[in-house]
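Me: I have a model open and want to go through it piece by piece. Can you take my questions as they come?

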Amino acid sequence: MIATDVATGQLKGASRALPADYVNNGFFGQDILSVRQFDRAKLQYIYRVADEMRSLVNRFGKANLLEGKILANLFYEPSTRTSSSFQAAMYRLGGRCISINEVHYSSVTKGESLPDTVRTLESYCDLTVLRHPQKGAAEIAARYARKPLINAGDGTGEHPTQALLDIYTIEDDLHRLDGLKVAMMGDLKYGRTVHSLTRLLGLYNTQFYFVAPESLHLPEEILAEVRASGQPFAELQSVDEIIGDIDVLYMTRVQKERFENPEEYERLGRLFVVDPALMARAKSDMILMHPLPRVYEIAMEVDDDPRAAYFRQMENGMYIRMALLAAVLGKA
Ligand code: NCD
């Protein structure tokens, strides 16, 4: 991407004029690669735009903010929610979408590199959303891209748009972000959504509990950031002693696809399960979150519990992605 001048929002080196309805929101023309790009003010901006998007969808179903714009949805890893909510977000704002989910049917099978694939798609589109199995892939692709690129998950690295929708849901449900006790449970090593969410919650006064088996601990890189931010945290192997005290329980799937040894997955895959008995011991206003897909880790009997927030997260994802698309393309 060509960097923009922060003061004017003008594309550096670009001679073309900015759109007449351009708003300098700090996001225009920018990549979204990591949650490290966000501070509290930027989050609030995206959340208020997401509120607008929600009411817009509820009242009219669509708008024509991004009419004429095309999004390239480039997914090298499976996805249901992320890819379809980006696509729906684009459609609801009047734009269009080219989805390359089946990389096996694209020139990637012929050996085409990621930079070449991104450069190809952006010559037809205005913005690229990329999911890739390699950590750091979005950052590499963005170096070659001339147009904005959004990271939709880079291996075990980050998943910034998921963390944005997670915090939006917490604020929506609990009406506050400071002073919360948050437990993250499951595969904290490979689960990229936890990596992004931990970083973002570091902007608020959070008491963290990291609940994982020894071999699926939060990576040292992220723990070091939590330490540096001065937020209190504890590493536990069970949620038992804290379940009655926490405000948020964020469950994650054990990331089968990241394991080299299938037996190791068999040993750890069903270690943690949230069931009605566990929920009965939680606070009446605790929320249970999950980025989905779930496999074994939340029993379906829990779905009707009003504290189960995962379906709300899923819906909020579309409003957040609408807000991001509009902000990056300069129409928010
Ligand atoms: C997550 C992901 O892809 O990292 N899913 C999602 O985008 N909602 C979580 C997961 O796959 O377990």
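**Between the domains**

Reply: Start with the charges: the interface of domain 1 and domain 2 holds nine salt bridges by the rule used. Keep in mind that this is a predicted model.

Me: Which residue does lysine 135 meet in a salt bridge?

Reply: Glutamate 221, side chain to side chain, at 3.2 Å from N to O.

Me: And how many residue pairs are in polar contact between domain 1 and domain 2?

Reply: The count is 20 residue pairs, with both residues at pLDDT 80 or more.

Me: Which elements give two or more residues to the side of domain 1 that touches domain 2?

Reply: They are α1 (40-59), α2 (81-92), β3 (127-132), β4 (149-154) and α10 (310-328). The largest share of that side comes from α1, with eight residues.

Me: What is the split into nonpolar, polar and charged on that side of domain 1?

Reply: Twelve nonpolar, ten polar and 13 charged residues.

Me: Back up a bit. Where do the domains run?

Reply: The domain assignment puts 3-158 and 315-328 in domain 1, and 160-310 in domain 2. Their C-alpha centres are 26 Å apart.

Me: How much area do domain 1 and domain 2 bury between them?

Reply: About 2600 Å², of which 53% is on carbon and sulfur atoms. On the domain 1 side, Val35, Arg40 and Tyr47 lose the most area to domain 2, and together they make up 23% of what that side buries.

Me: How many residues are in contact?

Reply: 35 residues of domain 1 touch 27 residues of domain 2.

Me: New topic, the ligand. Which residues are around it?

Reply: The list is Thr82, Arg131, His159, Gln162, Arg192, Thr193, Arg253, Gln255, Pro291, Leu292 and Pro293.

Me: What are the distances to oxygen atoms of the ligand?

Reply: For arginine 192, a polar side-chain atom is 2.7 Å from a ligand oxygen. For arginine 131, a polar side-chain atom is 3.0 Å from one. Threonine 82 has a side-chain N or O atom 3.0 Å from a ligand oxygen.

Me: Is the peptide bond from leucine 292 to proline 293 cis or trans?

Reply: Cis, with omega near 5 degrees. Proline 293 sits in the loop between β9 (287-289) and α10.

Me: Last one. What is phi at histidine 175?

Reply: Near 60 degrees, a positive value in a residue other than glycine. Histidine 175 belongs to the loop between α5 (160-174) and β5 (180-185).

Key. Residues are numbered from 1 along each chain as its sequence is written. This is a predicted model: local features need pLDDT of at least 70, side-chain atom pairs count only at pLDDT 80 or more; totals for chains, interfaces and linings use all residues. Side-chain values use heavy atoms; hydrogens and water are left out. Domain bounds come from an automatic or database domain assignment. Contact means heavy atoms within 4.5 Å. Buried area is the accessible area (1.4 Å probe) that two parts lose on being put together, summed over both. A salt bridge is a side-chain nitrogen of Lys or Arg within 4 Å of a carboxyl oxygen of Asp or Glu. A polar contact is a pair of N or O atoms within 3.5 Å; within protein, one must be able to donate a hydrogen and the other to accept it, and residues adjacent in sequence count only if both atoms are side-chain atoms. Helices (H or I, at least four residues) and strands (E, at least two) are DSSP runs, numbered from the N terminus. Ala, Val, Leu, Ile, Met, Phe, Trp, Tyr, Cys and Pro count as nonpolar, Asp, Glu, Lys and Arg as charged, and the others, Gly among them, as polar. A residue is near a molecule or strand if one of its heavy atoms lies within 4 Å of it.
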